[in-house]
Amino acid sequence: MKQECYKKVERMTASMRIIHWANAIFMIVAIVTGLYIGEPYYQTLIAGPAVHKYVMAWNRLGHFIAAVIFDVTSIIVVYLYFFSRFEKSYKKLIPSADNLHEFAEVFLNLITLNRKKSFDSSHSDSFNTVYFTIFHLLLIFMLFTGLQLYVHGLESGLSSIGSWWPWMLHFATDWTIPATGGNLMTVRIAHHVTMWLIIAWIVFHIYYQIWRTIFWQEGDLAIVVGGSKFAKEQK
Amino acid sequence: MGKDTMESVKKLFTTQSSKVDTNRGEAYYADLYNSCRKRLDELKALPPINNKLDLQAALFDEGIDRRDFLKWASATTAMLMLPASFTPLVADAVQVMNRIPVIWIELSDCAGNSEALLRSDGPKIDEIVLDIISLEFHETLQAAAGHQAEKQLEDAIATFKGKYILFVEGAVPLGMDGQYGTIGAKAETFKDHLIRLSSDAAAVIAVGSCATFGGIPAAAPNPTGAVGVMNVVSGKPIINIPACPANPANMVGVVLHYVLTGKLPELDSLLRPKFAFGYRIHDNCERRAHFDAGEYVEEWGDSGAKNNFCLYKMGCKGPMTFNNCSLIRYNEAVNWPVGVGRGCIGCSEPDFWDKYAYERPMANANIKAPSGGVEKTADEFGLVLLTATGIGIGIHAVASAIAGKKNSEKDAE
């Protein structure tokens with residue numbers, strides 16, 4: 001029997017972990033409040049006139065705050081993809097022979113139920129990087145469609161932070177109307193359907209990380225908590 | 001990249017926003033006032049075309065006194081987003097509206113917009129004002145029929161060439177070479193009819209959702225290939241006044257603006273006048289407080305409905321609909337859809353019949369699959385997707401557990 005030895009590898013910096021958990025928490029906030037905005041699924045059980053309760057308004061506030069936080073984390077993530085001093089994710093997205101081979105190997109590892117595992121699992125692999133990138137693209141689509149829906153309420157061209165804000169939102173997001181099918185409702189439908197794609201993404205993401213931890217026996221789940229995992233070293 | 005693609009990309013990034021500029025400064029309005037005054041004096045010097053109706057007498061006959069008329073004039077001035085000092089000009093402009101020739105044609109429609117003008121409980125000022133326009137041709141209203149009607153139309157086009165305003169009601173069927181709708185003894189298709197009449201018009205005003213965006217004739221599966229006027233007519237100023245029916249107040253507003261300034265009102269990216277379609281119904285809705293409070297009508301006739309709660313959960317599309325119903329209402333501010341306790345169906349938005357009018361929240365809506373035929377709600381789609389993910393994960397997890405066991409047995413050997 002082979003002697004197995006583990007080495008510790010750093011995989012996520014503290015800032016990357018903060019971004020991960022900020023995204024995770026505010027994604028739940030966005031989904032819970034977003035479903036309410038789409039169709040209010042609980043009733044306001046507060047007696048008294050409408051002026052004293054603000055249930056839909058609080059939900060919308062929570063949804064928009066979550067959106068603003070996603071705005072910020074998205075910008076940071078895009079920056080880190082290219083300029084991170086730790087690990088530049090874009091390098092794993094280039095369809096080079098190495099990356100394509102690694103992508104295929106990791107995918108084979110998944111569908112052969114870990115019977116075949118012939119790649120270096122110590123670093124971030126190109127399969128997972130592609131999968132994370134899909135999430136960021138979905139999130140960016142949500143940001144653009146969501147801001148388009150939001151700017152409908154700023155039609156006076158004014159906002160509390162100045163008239164540049166609605167102008168910029170129109171400039172940046174008006175393309176979503178023709179892109180989703182031509183009217184305001186298609187933007188809304190696209191925003192809603194994309195939420196389901198994101199939920200499905202999250203479900204698989206959690207499953208896959210747990211699956212890796214169980215079958216690879218390298219403590220992958222620890223990456224997002226402590227920032228490091230243990231890779232097997234063959235001796 | 002083809003020229004058309006380039007154009008559409010350009011259009012995408014230069015789309016006018018729906019921003020409404022309600023205050024352009026004193027100098028601008030002083031200039032506008034003088035030019036309007038001059039134009040009205042010129043129009044006053046012209047003789048009325050055919051319509052000799054005396055507006056003051058007509059108003060008096062209907063029991064509307066001068067005070068009511070001036071109240072209407074100041075409300076209309078506000079609707080056009082002009083300063084209060086323009087009220088006397090608006091009152092004057094109404095009197096000279098019979099100097100502007102109008103031709104009104106109907107295509108694939110139900111005459112609902114004409115009906116909206118005619119069938120109010122008693123004619124209100126907006127409707128009487130539309131009586132004073134010099135209507136040279138209107139298929140539904142005129143006495144002439146057959147060849148006489150054809151001749152009347154030809155006469156009107158020849159006499160007022162380049163000067164008349166063309167009102168269009170109804171969609172234009174383009175399918176089967178336009179043969180779904182023909183008019184007259186020569187079976188001229190609606191499309192040819194519209195192109196011929198619009199080529200001599202000063203401006204084309206599309207009234208109602210059918211004429212603007214295709215409306216109900218263009219609803220899926222759109223067998224006749226119906227489209228709106230702006231998809232057929234080119235090279236002419238086009239104004240869209242959507243809604244089903246279009247509000248007479250907005251029709252009067254556009255004509256008045258033209259009479260007053262000689263120009264068309266400022267339009268948004270869908271060619272709708274901003275004074276009417278610059279704001280959402282939702283933002284000026286009388287039930288808006290209940291929306292923010294989370295107080296909704298849960299089913300028809302419940303205590304929420306009796307307390308005028310928000311109709312969002314009953315499918316009100318006010319939050320996605322740009323129109324001024326909640327401000328000016330219908331039939332001289334008598335009432336409007338939300339006011340009578342039913343939701344907005346977004347009748348003034350493109351594709352309203354397919355995308356807005358399903359009378360339930362969007363999250364519950366039947367979304368048509370791109371392939372057609374199969375209908376699933378957005379959330380059902382989501383649950384199916386999630387179930388598929390769950391089943392896939394389940395199969396994979398169970399298989400992994402079994403395979404993983406075999407692996408470790410192999411290792412142990």
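How many of the 413 residues of chain B count as buried? The share is 44%, where buried means that 20 or more other C-beta atoms, placed from the backbone, lie within 10 Å of the residue's own. This is a predicted model, in which local features need pLDDT of at least 70 and side-chain atom pairs count only at pLDDT 80 or more, while totals for chains, interfaces and linings use all residues. Residues are numbered from 1 along each chain as its sequence is written, and chains are lettered from A in the order in which they are written.

Chain B has 17 helices and 11 strands; these are DSSP runs, helices being H or I of at least four residues and strands E of at least two, numbered from the N terminus. Two residues are in contact if their C-beta atoms, placed from the backbone, lie within 7 Å. Among the contacts in chain B with a separation of 6 or more, 71% join residues 24 or more positions apart. An automatic or database domain assignment divides chain B into domain 1 (27-277), domain 2 (282-364) and domain 3 (375-412). Between domain 1 of chain B and domain 3 of chain B, the C-alpha centres are 62 Å apart.

The contact between the chains takes 44 residues from chain B and 42 residues from chain A. On the chain B side, α13 (288-293) and α17 (378-412) each supply at least two residues. The largest share, 14 residues, comes from α17(B).

In chain A, helix α3 (residues 97-111) and helix α4 (residues 126-151) have axes that come within 7 Å and cross at roughly 90 degrees. Axes here are lines fitted to C-alpha atoms, for helices over the stretch in contact, with angles from 0 to 180 degrees between N-to-C directions. From α3(A), A:Asn99, A:Glu102, A:Phe103, A:Val106 and A:Phe107 meet A:Ser126, A:Phe127 and A:Val130 of α4(A).

Helix α7 (residues 184-216) of chain A has 33 residues and, at 1.5 Å a residue, should span 48 Å; the expected span is 1.5 Å times one less than the number of residues. The end C-alpha atoms of α7(A) are 47 Å apart, which agrees. Buried residues in α7(A) include A:Leu184, A:Met185, A:His191, A:His192, A:Trp211 and A:Phe215. After α7(A) comes A:Gln217, whose phi is positive, near 60 degrees.

Definitions and conventions: Buried ≥ 20, exposed ≤ 12 C-beta atoms within 10 Å, placed from the backbone.
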